[in-house]
Amino acid sequence: MTSDDAEPTVPNPATADPTAELPAAPAANGPAEAAPSANGNGPSAGPPVTALAPPAPGAGAMPLRTPGSDAAYRQTNGGRSTTQRSFGRPEPQQSFRPVYPGQAWPTEQPQYRPAYVPPPPADWHQQQARSYASEPQKVNRVVTIAALVALVIGVLAGAGAATAVVALSGNGTPIAQQPDPPVGTGADPKIRTGSVSAVASTLLPSVVQLKVQGSDNSDATGSGFVIDNVGHILTNNHVVAAAATGGSIQVVTNDNKTATARLVGRSPAYDLAVVQVAGLTAPSVKFGRSDQAVVGQDVVAIGSPLGLAGTVTSGIISAKNRPVTTGDDTGQASSYISALQTDAAINPGNSGGPLVDMNARVIGVNSAIATVRGSEEGQSGSIGLGFAIPIDQARRTAQQLIATGKASYPVIGASVDMTFEGGGRVSAVSPSSPAARAGLRVGDVITAVNNDPVDSAEVLIVAIRTHQPGEAVRLAYERGGRSRTVTLTLAQQIG
């Protein structure tokens with residue numbers, strides 16, 4: 001049924017056709033006309049109003065839906081469809097109410113731009129706790145070390161010691177420092193046992209300089225050292241050889257006292273000699289053992305290089321058992337020694353001076369230096385290759401010279417070819433000599449002495465002279481391509 005005062009039936013906006021006709025509002029200057037009924041049988045109240053023209057103000061009980069919206073697919077009760085799925089985005093809420101008659105519908109929909117907030121880190125609570133905790137103050141590592149060192153110095157110095165504070169910049173570099181004490185006012189360094197200075201202070205009073213004048217107006221300068229309490233001085237044979245047939249030997253002590261010495265005896269074979277000064281007050285040295293010397297041990301050389309008395313140099317034992325030929329004589333009178341090699345600086349004038357260990361005990365007699373090929377005689381100097389006669393041999397020879405004025409050395413009774421390489425080739429055999437009794441012949445090549453290899457005539461002579469007369473040695477030799485061995489007893493020869 002219909003009634004003039006009944007409210008018009010409003011179509012559901014969710015299901016309405018956007019192009020369907022909608023009820024019209026009464027005109028402002030004319031009588032109201034009856035609206036059509038819900039079933040369309042009622043009379044028409046005026047011209048049809050389409051969705052393309054905005055309605056008059058106040059017409060309708062609810063706002064028109066926005067063109068292009070999803071209102072047709074949403075429930076009117078505000079609920080969510082059971083077929084919809086939410087992905088975390090809020091539903092866009094949008095409506096349009098015209099402010100004035102004829103206002104155009106908005107054509108651009110506002111875009112949905114959600115503000116993305118990243119989730120908090122896993123240790124968010126720890127970070128928050130740390131942000132409110134006070135950070136420990138950083139301490140400069142250099143300052144800490146300096147403080148510890150200052151503390152240690154204070155403890156070692158004892159009561160009453162003061163420590164200087166050094167200011168440090170941010171990068172640890174000193175920016176202020178207490179001045180050092182003036183040069184020359186500090187305490188003298190303590191001389192330690194085993195130091196070079198301790199060795200020098202002990203040995204210098206026992207080392208002398210020798211000035212030799214020969215009968216032929218030849219002269220020589222060398223060194224020597226006192227070996228007993230009656231004024232015997234051990235030196236090299238080549239230092240005093242010029243005075244062997246006439247001349248003079250002057251000895252200058254460390255305290256600059258001069259005295260005349262006499263020649264007691266000399267041994268060209270070992271390049272050793274002994275002279276004596278009556279009433280000499282210089283102390284004697286102490287002997288060590290050269291056979292116990294090791295390569296690399298520290299040593300000190302003392303002498304008068306180039307006439308500079310009381311010169312001290314230091315180095316190490318750089319090798320042992322070096323076959324060295326020394327002396328001014330030629331032929332069989334040349335000196336063959338199994339030397340200690342040292343890099344302590346030794347120059348002309350050091351000859352005859354002591355080579356000592358760090359206990360101030362003599363282990364060698366400085367005798368020779370290696371020279372560079374091509375250097376002229378008298379122009380050579382130290383190149384770090386010096387050689388000393390082992391004190392074990394020098395001591396035996398000195399005792400013989402003091403006792404008899406002569407010294408002996410061992411021989412096998414055979415001559416060798418000095419130009420042959422690869423061993424000691426026998427060039428002559430003395431009758432009734434140890435070599436003859438052992439069956440050695442001319443042409444045999446000796447290759448070893450007591451299992452020590454021999455590769456030249458010099459090495460063979462040095463190997464024999466490291467022994468004493470009367471000792472038995474084992475020789476290995478080759479004859480006709482066959483190796484043989486023989487044992488013989490060494491004879492002695494004066495020289």
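This report walks through a barrel, its helices, a strand pair and the salt bridges of a predicted model.

## The barrel

Let's start with the sheet. Six strands close into a barrel, and going around it you meet them in the order β1-β2-β3-β6-β5-β4, with antiparallel pairing. On average, neighbouring strands of this sheet are turned by 40° against each other, direction ignored.

Within it, V252 has T258 of β5 standing opposite.

## Helices that pack on strands

Helix α5 (residues 391-404) packs on the sheet, where it touches β3 (232-235), β5 and β6 (272-276). The direction of α5 makes about 50° with that of β6.

Helix α3 covers residues 196-203, and its buried residues are A198, V199, A200 and L203. What do these buried residues pack against? Their partners are β1 (207-214), β8 (298-303), β9 (311-326), β11 (354-356) and β12 (361-369).

## A strand covered on both faces

Strand β14 is joined by four bridges to β21 (residues 491-494), and the two run antiparallel. Here Y409 stands opposite Q493 in β21.

## Salt bridges

How many salt bridges are there? The count comes to four. Among them is the pair of R479 and D444, whose closest N and O atoms are 2.8 Å apart. R479 lies in strand β19 (residues 472-479), while D444 sits in the loop between α6 (434-437) and β17 (445-449), so this pair ties together parts that are 35 residues apart in sequence. Are these two residues buried or exposed? Both R479 and D444 are buried.

Another salt bridge brings together the side chains of D417 and R425, at 2.8 Å from N to O. R425 has a relative accessible area of 31%, so it counts as partly exposed. D291 and R289 form a further salt bridge, with their closest N and O atoms 2.7 Å apart. D291 is partly exposed too, because its relative accessible area is 41% and that class runs between the 20% limit for buried and the 50% limit for exposed.

How values were computed: Residues are numbered from 1 along each chain as its sequence is written. This is a predicted model: local features need pLDDT of at least 70, side-chain atom pairs count only at pLDDT 80 or more; totals for chains, interfaces and linings use all residues. Side-chain values use heavy atoms; hydrogens and water are left out. Buried means under 20% relative accessible area, exposed over 50%, partly exposed in between (1.4 Å probe, protein chains only). Contact means heavy atoms within 4.5 Å. Two strands pair if DSSP finds at least two bridges between them. Axes are lines fitted to C-alpha atoms, for helices over the stretch in contact, and angles run from 0 to 180 degrees between N-to-C directions.
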